[in-house]
Amino acid sequence: MSALPLAPEHLSLNRLAEPLVDQLLDEADTLGLSVHVNDRGTRLVDAGLAVPGSLDAGLLVARICMANLGQIQLRHLPQAGWPTWVEIDSAHPVLACLGSQYAGWSLSASKEETGGKRFFALGSGPARALAAKEALFDELRYQDRADRGVLVLEVDRVPPTVVIDKILADCHLPADGLTLIVTPTTSPAGTTQVVARALEVALHKAHELHFPLENIVHGRALAPLPVPSPDGLQAMGRTNDAILYGGQVHLTVRCDDDEARQLAMALPSSNSPAYGRSFADVFEAAGFDFYKIDPALFAPAEVWVSNQQSGHTFHAGHCDMGLLRQQWLKE
């Protein structure tokens, strides 16, 4: 496989994200965040554990996750019976979404290692590309080199020292070169940054379908933003449902029309037999094991694929805002 033109060796995802990380730290008070620097100099940003966080914080964290290679904004324009939507746009969708935003780095520690409760998290953001532990980076032919890095963790507690040490070692960073952002899904920031992954979900599904990533040249997405639930399972379910039943994605590709049509037909979440049930119910039925859920479900609801080479656009899937309103609206 040839190197992707969207991942030149000189480009650093972490350096691209640095201005946004600095903004997050500088504006922590107004964004409803707290920043703690541990005794070794590593910055830990709380975006919803002991502080309220905010939607604006979620948008900024989402842009950090995409290494500043995408635009993300709220649209307060009621449509399909829902008032607030998250809009994502990237001219570098493969690198922004798969090289950075995708929550693909598994980080865990046993009870013995933590001295208490077992810890597990999936890391997302630019520091993934410093460690490059995932096979995906072999396909992208990309690994970052930088003396500062940032990683986002969707967890309900601060990572233990043993996990922080692992991140530092794998990323080849000094302790004071790492910023960790903790965004529990029960918080406004956590919910927002997860729904802002609607485009990333489509890119990951395209990758699972073995569509040539170098042929994806642009991506846009839109998804409804629910209010966070204080219940962890329901909060996680709402963010997934927002994408599976309300996510709309437009990909621009360069390939022949048969490939573009096949991609459009195969992408939507309605291809899964699990489609039609709330994600919280599906997750519970699977014994709370993501790996027992049909992978075809992890996809946007509705897709358009436009082929630059022919000028033709292909459409598949549909949104089910009725299902979302039934779950989210209190009559």
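These legends describe close-up views of a predicted model. Local features in this predicted model need pLDDT of at least 70 and side-chain atom pairs count only at pLDDT 80 or more, while totals for chains, interfaces and linings use all residues. Residues are numbered from 1 along each chain as its sequence is written, and side-chain values use heavy atoms, with hydrogens and water left out.

**View 1. Helices α2 and α8 cross at roughly 40°.** The axes of helix α2 (residues 55-65) and helix α8 (residues 188-195) come within 7 Å; axes are lines fitted to C-alpha atoms, for helices over the stretch in contact, and angles run from 0 to 180 degrees between N-to-C directions. Helices (H or I, at least four residues) and strands (E, at least two) are DSSP runs, numbered from the N terminus.

**View 2. Residues of α2 meet residues of α8.** From α2, L55, A57, G58, L59, V61, A62 and C65 meet P188, A189, T192 and Q193 of α8, where contact means heavy atoms within 4.5 Å. By class, this contact of α2 with α8 has 8 nonpolar, 3 polar and no charged residues; Ala, Val, Leu, Ile, Met, Phe, Trp, Tyr, Cys and Pro count as nonpolar, Asp, Glu, Lys and Arg as charged, and the others, Gly among them, as polar.

**View 3. The largest pocket holds about 1700 Å³ of space.** On a 1 Å grid over the protein atoms alone, a cavity is a set of points where a 1.4 Å probe fits but cannot get out, and a pocket is an open set with protein on both sides within 12 Å along at least five of seven lines; lining residues have an atom within 4 Å of a point. Grid points are joined across faces, edges and corners, and a volume is the space filled by probe spheres set on the points. Of the 42 residues that line the largest pocket, F120, L122, E154, M236 and F290 lie nearest its centre. Helix α10 gives the most to this lining, with 8 residues, and the lining of the largest pocket divides into 24 nonpolar, 8 polar and 10 charged residues.

**View 4. The largest cavity has a volume of about 70 Å³.** Its lining is formed by N14, A17, E18, V21, R43, R148, G149, V150, G177 and T179, and the largest share of that lining, 4 residues, comes from α1.
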